[in-house]
Amino acid sequence: MSQKYRPDIDGLRGISVLAVVAFHAFPNWVIGGFTGVDAFFVISGYLISTIIFENLDKGTFSFYEFYGRRTIRILPALIIILVACFIIGWFSLLNKEYKKLGQHIFAGAYFMSNIILSGEAGYFDSAAETKPLTHLWSLAIEEQFYIFWPPLLWLSWRAKFNLLNVTLVIAIASFALNIKGVTQDAVATFYSPQTRFWELLSGSLLAWLTLHKSASPPSTKSKIHAMLLRIIYIEGQEAVDTRLANALSCSGLILLIFGFFAISKELSFPGIWALLPVLGAVLIIAAGSKAWVNRTILSNTIAVWFGLISFPLYLWHWPLLSFARIIGGEEPSYNIRIAVVALSIVLAWITYKFVEHPLRLGNHKKFYIAVLVALMTIVGYAGFITHERDGLKFRMINIINYDVTQALNYDWGRGYRYNICFINPSDVNTSTFSPFCSQDSGKKNKKLLIWGDSYSASLYRGFETVGKSLDFSVHQFSASGCPPILDFHVNNSKECINSNKYVFNEIKKLKPDILVLAANWELYDSNQQNNWENLDLDKFNATIEKIKRLGVHNITIVGQLPVYTLNQANMLIKRSPWASVDTITYKNFKPTAKIADEKMKNFASKLEVNFISPIELLCTSAGCLISIPGANIRPLSWDKGHLTTTGSEFLVSKFFDSGLIKFLN
């Protein structure tokens with residue numbers, strides 16, 4: 001089961017893996033670097049299928065030998081990576097995060113990562129950046145292909161089917177599923193083996209054509225030669241072959257590089273765009289090792305060296321980048337990412353030099369295979385147990401960071417009074433407010449009413465606590481995705497319109513002494529979901545005027561709460577207990593939140609109503625509070641912006657202590 005070594009293919013591997021690493025570390029540099037994986041698929045399909053076709057032709061194919069080689073090729077580095085992630089996660093992840101990592105370790109050990117990930121988040125989603133084993137999706141597809149492909153070829157060979165036809169039919173079917181699927185479910189199509197197999201089979205087709213040149217249509221080659229001769233006079237068959245090879249390799253390299261810098265995550269990928277890296281890799285390999293690009297660029301020492309360490313480099317770089325983001329609580333700085341990439345290269349070389357290479361050249365293959373399978377079984381089981389036991393809660397990091405863990409497990413439904421005074425208008429089961437929201441069981445003299453979306457619901461507990469000490473009742477009317485603006489609609493539906501009309505009638509009946517309007521304004525102002533109206537000053541002005549005509553004049557607009565790209569609790573866990581830091585820099589602070597807050601401040605000024613800026617209360621030039629000041633670290637929020645009960649109490653108390661909200665005489 002041997003084949004002639006081609007250094008240019010290792011060089012192609014090297015360029016492809018560097019493109020992937022560059023995309024993950026510096027996505028703005030190489031926006032399409034992720035397509036290096038597609039080139040990997042072609043290379044893998046070509047090399048492995050060449051071995052299978054050759055041995056089937058000779059009648060020497062052995063399943064044991066084939067899968068034994070795959071075991072020694074894949075498992076050593078993969079086991080090291082999974083164990084490393086398990087250890088790093090032990091000391092850095094809370095139970096929910098570690099539970100998820102355990103599931104991904106189990107999936108990685110048994111080559112199911114793509115299946116698990118397809119039900120969680122897309123490859124380009126920000127959530128994927130904090131999953132250290134996201135990159136194993138491609139390895140899973142490769143191994144699923146090698147579970148399916150050799151037996152199918154062997155059965156087809158035994159049945160005396162034409163293997164070229166078999167390969168071609170399956171490749172076309174897979175490509176068709178890819179084209180159809182990318183418009184229906186892009187995430188599933190990205191991760192699904194049936195929509196990716198055509199990329200590996202492109203390499204398989206090339207392998208068959210390379211091994212069976214004499215079986216290809218005789219007129220094809222002569223037509224190509226005649227075309228070249230018409231373009232330029234070339235003397236001799238060897239010169240024609242050289243020019244053709246050079247044309248193929250140059251074209252392939254251009255397609256590959258074009259894909260690295262032109263294909264972006266905004267495009268529907270894989271789809272038709274995947275043809276660029278796939279065809280590029282096919283042309284480069286088809287050109288042969290003597291083509292100019294192959295022998296000068298791809299066969300140079302540096303490219304080949306990176307090709308040799310490409311597999312461990314691919315495995316190492318993403319977990320290190322991911323853990324750097326998780327532990328730092330934000331996107332790693334430029335210098336840190338450079339350091340992580342450098343460390344990945346060093347670890348990849350060590351893995352190749354002292355683990356992969358010795359095992360491949362060793363004489364005790366059966367022993368190695370048995371040990372590797374046993375170790376992988378143990379690692380997979382460890383991941384399974386970690387997931388089943390909720391992230392191993394007995395770990396010290398969970399005990400030390402109890403308050404942070406509590407924030408991550410915050411029961412927002414109870415805290416925000418979901419299905420009672422915080423409803424989801426689009427849900428027929430929770431589309432109406434409870435009569436309880438209008439009642440004042442304590443018969444207080446003063447009344448405060450809060451109206452808005454889920455961000456207003458997150459303020460309720462704070463107003464409730466202050467109300468007990470200042471003797472006023474709190475009436476809450478919060479609707480998910482509905483800012484407190486009359487006639488505001490979502491996706492042209494009347495859900496928010498009806499909900500807000502109900503609240504307006506309650507305001508009319510209750511005539512609160514203070515009316516508080518609050519929402520996640522930046523969500524609507526930036527129109528992120530493409531189905532909300534943008535904030536409309538005219539509608540807002542009309543709403544305020546109608547409220548004032550009811551005799552309610554003490555109106556306060558609460559501006560934008562700080563919104564981050566990561567959960568505040570996750571940012572804090574990386575700072576405790578070793579450092580008592582209560583602020584986070586603006587690196588994770590969404591700029592749209594600041595813009596929305598300023599816009600609301602201008603609105604309030606024009607509408608002549610009171611305005612409170614949470615950003616001004618929580619943030620300074622150094623950063624924004626994400627923990628309540630004190631001896632213990634207590635997160636203000638349980639996610640990227642919604643307040644916990646303690647966070648709500650802390651912020652709302654500032655409203656009253658500073659005189660930003662007060663009852664009128």
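Predicted model: local features only at pLDDT ≥ 70, side-chain atom pairs only at ≥ 80, totals over all residues.

User: How many salt bridges does the count come to?

Analyst: By that rule, 16 salt bridges. One of them joins Lys509 and Glu506, at 2.9 Å from N to O.

User: Which helix do Lys509 and Glu506 lie in?

Analyst: Both are in helix H22 (residues 495-510), three residues apart, which is about one turn of the helix. Helices here are DSSP runs of H or I with at least four residues, numbered from the N terminus.

User: Are Lys509 and Glu506 buried or exposed?

Analyst: Lys509 counts as exposed at 62% relative accessibility, whereas Glu506 is buried at 5%. The cut-offs are under 20% relative accessible area for buried, over 50% for exposed and partly exposed in between, with a 1.4 Å probe and protein chains only.

User: OK, what does Glu142 form a salt bridge with?

Analyst: With Arg70, the closest N and O atoms being 3.9 Å apart. Glu142 is in helix H6 (residues 136-158) and Arg70 in helix H3 (residues 63-92), so the pair ties together parts 72 residues apart in sequence. Glu142 is buried, at 12%, and Arg70 counts as buried too, at 10%.

User: Which residues are linked in a network of salt bridges?

Analyst: Asp38, Arg196 and Glu199.

User: Switching to the surface, which residues make the nonpolar patch?

Analyst: Trp305, Val346, Trp349, Ile350 and Phe354, covering about 460 Å². Patches take residues with over 30% relative accessible area and no salt bridge, joining like charges within 9 Å and nonpolar side chains (Val, Leu, Ile, Met, Phe, Trp, Tyr) within 5 Å. Areas come from the Shrake-Rupley method with a 1.4 Å probe, and for residues only the protein chains shown count as cover.

User: Which helix gives the most to that patch?

Analyst: Helix H16 (residues 334-361), with four residues. Trp349 lies in H16 and is partly exposed, with a relative accessible area of 33%.

Methods:
Residues numbered from 1 in each chain as written. Heavy atoms only, no water. Salt bridge = Lys/Arg side-chain N within 4 Å of Asp/Glu carboxyl O. Helix = DSSP H or I, 4+ residues; strand = E, 2+ residues; numbered from the N terminus.
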